[in-house]
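Thanks for coming, everyone. Please bring the structure up on your screens, and I will walk you through it.

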Amino acid sequence: MLTGSKTERLMAIMTAGAGIALLAFVALTAATPLSPEPVSTVVRGQMSDLPKPQYTAEGRMLRPTPSYRQWTFVGTPLTPNELNLPAAPFPEFHNVYVHPDDFRHYSETGEWPNGTYFVKELVSIGAKRASSGNGYFQGEFIGLEVSVKDADRFPDVPGNWAYFSFGHEYPLADSAGPQRVSDCNVCHAANADDDWVFTQFYPVLRAAIAPAGQ
Ligand code: HEC
């Protein structure tokens with residue numbers, strides 16, 4: 001057991017030590033020059049080496065490799081089954097990614113280039129309670145949908161946007177043919193804000209083309 005006076009002396013030493021450490025930190029921080037530009041994840045002129053869609057000789061799209069999880073993350077709409085009984089058409093979380101080359105083009109021009117490649121990965125609701133509070137927390141991967149804008153491969157499809165579904169439960173299909181226009185394209189054409197893409201639900205995309213600083 002420390003006596004009262006020893007405790008006080010120890011406290012004084014510790015306080016002085018913390019003060020010196022703080023001063024050193026402030027001096028170091030002040031000496032570090034601030035970066036003049038915000039750090040961008042998109043480097044002008046640099047193309048990614050992430051693969052674009054692959055098709056069989058019959059025109060079926062091969063299931064994308066999970067490298068799409070390295071693409072630009074666009075957002076996570078959520079349609080819980082319990083608000084869409086008995087089941088949501090696209091169940092639960094929708095993690096949407098766009099190929100980074102297409103995101104770069106969109107950021108620079110405000111337009112989706114030919115070849116634009118989106119993935120919507122469906123994820124179940126797992127826990128509904130976490131240390132941060134009650135809510136919906138992601139569970140397991142359960143499905144995969146793709147959209148591609150390609151005027152060369154799909155010249156007759158409205159907007160040249162073709163849609164593919166690899167299933168809503170695992171195991172996913174290894175390949176998928178284009179969906180009928182009435183099954184996917186028409187809803188996107190009628191309801192999506194910008195070139196068949198639901199930009200109204202993706203702040204990442206709106207910010208990408210907003211005037212600087214917004
Ligand atoms: C009834 C309307 C509707 C239909 C039909 C529909 N979608 Fe969508 N889709 C949406 C909405 C709304 C979003 C954005 C919010 C979300 O993910 O729920 C979306 C987003 C997407 C995205 C992410 C990129 C984007 O365009 O925003 C993909 C990929 C996608 N859908 C694929 C498909 C496929 C494949 C089909 C057909 C099997 C399909 N959709 C049918 C309404 C629809």
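**The core**

Now the inside. A general point to begin with: in soluble globular proteins, nonpolar side chains tend to be buried together. Here, the largest nonpolar core has 28 residues. Those with the most contacts inside this core are Val74, Tyr97, Val98, Phe118, Val119, Val146 and Phe164. Two or more core residues come from each of E4, helix H2 (100-109), E5, E8 and E9.

Take Phe118 as an example. Leaving aside residues up to four places away in sequence, Phe118 touches Val96, Val98, Val146 and Ser147.

Next, the backbone. Most residues other than glycine have a negative phi, and most peptide bonds are trans.

Two are cis peptide bonds. One joins Leu85 and Pro86, with omega about 5°. Pro86 sits in the loop between strand E3 (78-79) and E4. The other joins Tyr170 and Pro171, with omega about 0°. Look for Pro171 in the loop between E9 and strand E10 (175-176).

Then come the positive phi values. Asn160 is not a glycine, yet its phi is positive, about 60°. You will find Asn160 in the loop between E8 and E9. Is Asn160 buried or exposed? Asn160 has 20 other C-beta atoms within 10 Å, so it counts as buried.

Asp195, also not a glycine, has a positive phi near 55°. Asp195 belongs to the loop between H3 and helix H4 (203-208). This residue counts as partly exposed, because it has 17 C-beta neighbours inside 10 Å.

Last, confidence. The protein chain averages a pLDDT of 86, and 78% of the residues score at least 70. Now find residues 19-40, where the pLDDT is below 50. Beyond near neighbours in sequence, that stretch has zero contacts in the model. Where pLDDT is low, the predicted coordinates should not be read in detail.

Definitions and conventions. Residues are numbered from 1 along each chain as its sequence is written. This is a predicted model: local features need pLDDT of at least 70, side-chain atom pairs count only at pLDDT 80 or more; totals for chains, interfaces and linings use all residues. pLDDT is the predictor's confidence in each residue, from 0 to 100. Two residues are in contact if their C-beta atoms, placed from the backbone, lie within 7 Å. Helices (H or I, at least four residues) and strands (E, at least two) are DSSP runs, numbered from the N terminus. A residue is buried if 20 or more other C-beta atoms lie within 10 Å of its own, exposed if 12 or fewer, and partly exposed in between; C-beta atoms are placed from the backbone. A nonpolar core is a set of buried Ala, Val, Leu, Ile, Met, Phe, Trp, Tyr and Cys residues joined through C-beta atoms within 7 Å.
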